[in-house]
Amino acid sequence: MQKVLFLLLISIALVSLVTAEFNLDQLDVTIKDVKSDGSARVRESIRFFINTPYDTAVYENGFNKNDLSFWANATGINDVRLHVDPNKVDIQNFRILPQPRKCNPFLNVCRGELILDYTVYPYLNINNDYINSTGLFKTTYEKPRTTKYTLNPSALLFRTSDNGDVILDNNVYLVIIFPQSSLILDVNPLPSDIVLPSKQSYLKWNNIALVKFSTVFEVEESIDKEVSEFFANVIKGTQNAITGKHGPAIFIIVSIFAATYIYLQSIKKK
């Protein structure tokens with residue numbers, strides 16, 4: 001009996017030696033490349049400590065894995081997951097990019113990093129219209145050449161309070177990088193001492209409860225861009241018409257009109 005108990009204790013000890021033990025260092029969730037269709041690119045950086053040689057082997061053997069559930073199980077870290085709600089956003093072009101280990105020989109500390117890179121879109125109904133309350137941003141057009149963006153906090157998946165407010169721990173950062181020429185109209189809570197409306201390239205929140213979280217900004221396009229896009233669409237429409245099903249017939253009709261015009265002009269001069 002004592003021999004069996006001894007072997008059991010040895011087995012438990014061996015299992016504990018080969019169990020991966022990763023610890024979260026820092027989480028950064030960055031929202032950028034916000035477009036007028038309500039889409040945005042999200043880049044999550046999850047950095048963690050690698051404590052043992054077995055941890056190193058588990059980490060490096062998973063470099064070819066693009067499966068988030070694999071990494072969640074391998075590391076045992078709760079924040080190895082998406083921080084946007086798949087029920088609220090359409091996630092596309094998802095990639096997991098494990099980074100090489102970085103070690104500090106003086107402190108005898110090594111870190112690993114997983115980068116989650118993907119694009120999110122609002123969901124569309126059968127008529128290709130945006131479904132309300134989906135997507136990271138709602139876009140409206142209240143002034144000519146101006147797009148207004150309103151953040152949808154319900155699409156975020158962080159730890160929440162009993163009231164449903166997002167809570168960011170001291171090692172968790174949320175960053176929104178705004179498009180060029182953005183004018184920030186409303187933010188709550190303000191992450192820094194700024195006066196609204198304001199022009200900022202980005203805003204960052206950390207170690208805070210985002211009570212009644214909101215972010216509203218607008219982007220006004222220049223008249224030059226509007227004119228160039230108009231002519232680009234005209235050229236594209238003309239090309240599609242010529243290369244389309246009725247292209248040859250359109251080309252013949254246009255040629256006849258042109259030839260007739262030239263002929264009439266020559267008669268008029270005579």
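**Group meeting: a walk through the predicted model**

Let's start at one residue, Asn 152. Asn 152 sits in the loop that links strand S6 (146-151) to strand S7 (159-160). Keep in mind that this is a predicted model.

Is Asn 152 buried or exposed? Asn 152 is buried, because its relative accessible area is 13%, and the cut-off for buried is under 20%. What does its side chain reach? The Asn 152 side chain comes to 3.1 Å from the backbone oxygen of Ser 133. Now set aside the neighbours within four places in sequence. Asn 152 then contacts Ser 133, Thr 134, Gly 135 and Leu 136.

Hold on to Leu 136. Leu 136 is also among the residues with the most contacts inside the largest nonpolar core. That core has 48 residues. Ile 31, Phe 137, Leu 174 and Trp 205 are the others named for most contacts inside it.

Take Leu 174 next. What does Leu 174 touch, beyond four places in sequence? Its partners include Ile 31 and Trp 205. Leu 174 also touches Val 29, Leu 156, Phe 158, Leu 168, Leu 203, Lys 204, Leu 210 and Phe 213.

Now the strands around S8. S8 covers residues 166-177 and runs parallel to S1, with five bridges joining the two. In that pairing, Leu 27 has Val 172 of S8 as its bridge partner. S10, residues 202-210, is joined to S8 by eight bridges, and these two run antiparallel. There, Tyr 173 stands opposite Asn 206 of S10. A general point on strands: side chains in a regular strand alternate between the two faces of the sheet.

S8 has another partner, S7. S7 and S8 are antiparallel, over two bridges. Arg 159 has Ile 167 of S8 as its bridge partner. How many residues lie between the strands of this hairpin? There are five, and Gly 164 in the hairpin takes a positive phi near 90°.

On to the helices. H2 spans residues 53-61. Which residues of H2 are buried? They are Asp 55, Thr 56, Val 58 and Tyr 59. Viewed down the axis, the buried residues of H2 stay within an arc of 165°, so they line one face of the helix. The face turned away from that buried side carries two exposed residues, Pro 53 and Asn 61. The buried residues of H2 pack against S1, S2, H3, S3 and S4.

Now H3, residues 68-75. Leu 68, Trp 71, Ala 74 and Thr 75 are buried in H3. Why do they count as one side? They cover an arc of only 130° around the axis, so they fall on the same side of H3. The buried residues of H3 pack against S1, S2, H2, S3 and S4. Just after H3 comes Gly 76, with a positive phi of about 70°.

Stay on that stretch for Pro 86. Pro 86 lies in the loop between H3 and strand S3 (90-104). Pro 86 is partly exposed, because its relative accessibility is 39%. Which residues does Pro 86 touch beyond four places in sequence? Those are Ile 91, Tyr 123 and Leu 157. Pro 86 and Ala 155 are 69 residues apart in sequence, and their C-alpha atoms are 8.0 Å apart.

Now the whole chain. The chain has five helices and 11 strands. Of its 270 residues, 32% count as buried. Take the contacts with a separation of 6 or more: residues 24 or more positions apart account for 66% of them.

Last, confidence. The mean pLDDT of the chain is 85, and 80% of residues score at least 70. Which elements have the lowest and highest mean pLDDT? Helix H1, residues 2-17, has the lowest, at 42. Strand S2, residues 40-50, has the highest, at 98.

Two stretches have pLDDT under 50. In residues 4-18 it stays under 50, and the model has two contacts there beyond four places in sequence. In residues 225-232 it also stays under 50, again with two such contacts.

How values were computed
Residues numbered from 1 in each chain as written. Heavy atoms only, no water. Core = buried A, V, L, I, M, F, W, Y, C linked by side-chain atoms within 4.5 Å. Buried < 20%, exposed > 50% of the residue type's maximum accessible area, 1.4 Å probe, protein only. Contact = heavy atoms within 4.5 Å. Helix = DSSP H or I, 4+ residues; strand = E, 2+ residues; numbered from the N terminus. Polar contact = N/O pair within 3.5 Å; in protein donor to acceptor, adjacent residues only side chain to side chain. pLDDT = per-residue confidence, 0-100. Arc of directions from axis to C-beta. Pairing = 2+ DSSP bridges.
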